[in-house]
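Work through the exercises below with the sequence and coordinates open. Each task is followed by a solution in steps.

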Number of protein chains: 2
Amino acid sequence: MPKSDSDQPYHHGSLKEAALAAVVARLRKGEEELPTVRELAAEIGVSHRALYRYFADKDALKQAVAAEGFALLAGRIPVGVDLTALSVIDGFLRFAFDEPSLYRLMFSLRSTALLAEPVPGPQVRRVIALATQAFDDGAGEEAVRNRVFSAWGLAHGLFDLWRAGALRAASPDLAYDFIRARILESGLVD
Amino acid sequence: MPKSDSDQPYHHGSLKEAALAAVVARLRKGEEELPTVRELAAEIGVSHRALYRYFADKDALKQAVAAEGFALLAGRIPVGVDLTALSVIDGFLRFAFDEPSLYRLMFSLRSTALLAEPVPGPQVRRVIALATQAFDDGAGEEAVRNRVFSAWGLAHGLFDLWRAGALRAASPDLAYDFIRARILESGLVD
DNA sequence: GCTCAAATGTATCCATTGGATACATTTAGG
DNA sequence: CCTAAATGTATCCAATGGATACATTTGAGC
């Protein structure tokens, strides 16, 4: 017999997706950290242990959220004729400033995870592939890789210094402009 | 009457210093994270609550450790005639690779802490002052500041990408060489 | 349609951890 | 000396990630 009229069915149906979406939404709303497993479960309407059917432990949840983040980042990078070194940089930087908490989470992972070993996850590989393509000016493979990492490092580093408070910019917009100016002036992207 | 022959006196004498030194030592030995308050207290030989006489909460302890880190970093930067843009970069990079856990902790702080607001802590200011002096080539104040942050951002960013696993270097030494090469090739430091 | 095993979710328990409060022990200044 | 402030301890608490056992659904094969 069906349990008395409860709006929620016993099986959620898409717990994993709902969990990831809920975490991303929270980070978007300004939360700096992952919610507790219990908070997250409560928001979705399940017992906290239910989440462990889909994530081995909390770190696995974090990894999955980070993977979502890289997928969202890839979505910010234009394709086709609009794929240029500058548009990659702009998409990357705008994503970082739009979703600072998510961005931080994505790059806070230890090695042995997503970005590395034995090969980066597909979401990360897509971002790297797009960037490599955009920066490919016909010079050798190594020269292109060097420029990609220099530009990536500069953007990532300046953003992180801002996040840590070292840039001491009056507003996020000014920080964005400052960082973009430094990248343009570096000559890494025309 | 004195408590029966216990080697440890009731008062430690320099708990704060001992605590900071113990944490730094642990990070140096490869621990990635801060120890728990209890572990730390046990190592020093006091009850865990004793530490709260010196640190408001665990975050305050973290901040203090980070401040120690910046002081150690400043110690890696040469003074006098050896203070050049390149020597600053080398000191900075070597510190990061020598003490990756401590380095990460130093830059993992939120804003409103040490690096920012209302003004960076003295340990951080010293590092910035040395870098600014080393990069001062007589061009305007703003141009110097721009170059300092570009170089800092590039070094910090590439190091963090390596730490996250994105560089996929075969060894720390190769990563170090790669990063140094990118910085030299940037033209930010001669 | 039925039945039963696999999938999914719940209830309950546990150890660890950061932190609070009350009390004990020293130390030092008048 | 004596006592107040400083320093450290004992003990308690709530939150949290995680484990184990059990309940509910679902669906594949007969």
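**Exercise 1.** Sort the surface near DNA strand D by residue class.

Solution. The model is a predicted one. Near DNA strand D, the surface has eight nonpolar, five polar and seven charged residues.

**Exercise 2.** Describe how domain 1 of chain A is placed relative to domain 2 of chain A.

Solution. Start with the bounds: the domain assignment puts domain 1 of chain A at 13–55 and domain 2 at 65–185. Their centres, taken over C-alpha atoms, are 26 Å apart. Then list the contact, in which seven residues of domain 1 meet six residues of domain 2. On the domain 1 side, four of the residues are nonpolar, none is polar and three are charged.

**Exercise 3.** Determine the relative orientation of H1(A) and H3(A).

Solution. Take the axes of helix H1 (residues 15–28) and helix H3 (residues 58–76) of chain A, which come within 10 Å and cross at roughly 70°. An angle of 65 to 115 degrees counts as roughly perpendicular, so H1(A) is roughly perpendicular to H3(A). Leu20(A), Val23(A) and Val24(A) of H1(A) make the contact with Ala64(A), Val65(A) and Glu68(A) of H3(A). By class, these are five nonpolar residues, no polar ones and one charged.

**Exercise 4.** Which helix of chain B gives the largest share of the side that touches chain A?

Solution. The contact takes 25 residues from chain B and 25 residues from chain A. On the chain B side, helix H7 (residues 141–164) gives the largest share, 12 residues. That side of chain B divides into 13 nonpolar, eight polar and four charged residues.

Definitions and conventions. Residues numbered from 1 in each chain as written. Chains lettered and ligands numbered in written order. Predicted model: local features only at pLDDT ≥ 70, side-chain atom pairs only at ≥ 80, totals over all residues. Nonpolar A, V, L, I, M, F, W, Y, C, P; charged D, E, K, R; others polar. Domains from an automatic or database assignment. Contact = placed C-beta atoms within 7 Å. Helix = DSSP H or I, 4+ residues; strand = E, 2+ residues; numbered from the N terminus. Axes fitted to C-alpha atoms, helices over the stretch in contact; angles between N-to-C directions. Parallel < 35°, antiparallel > 145°, perpendicular 65-115°, else oblique.
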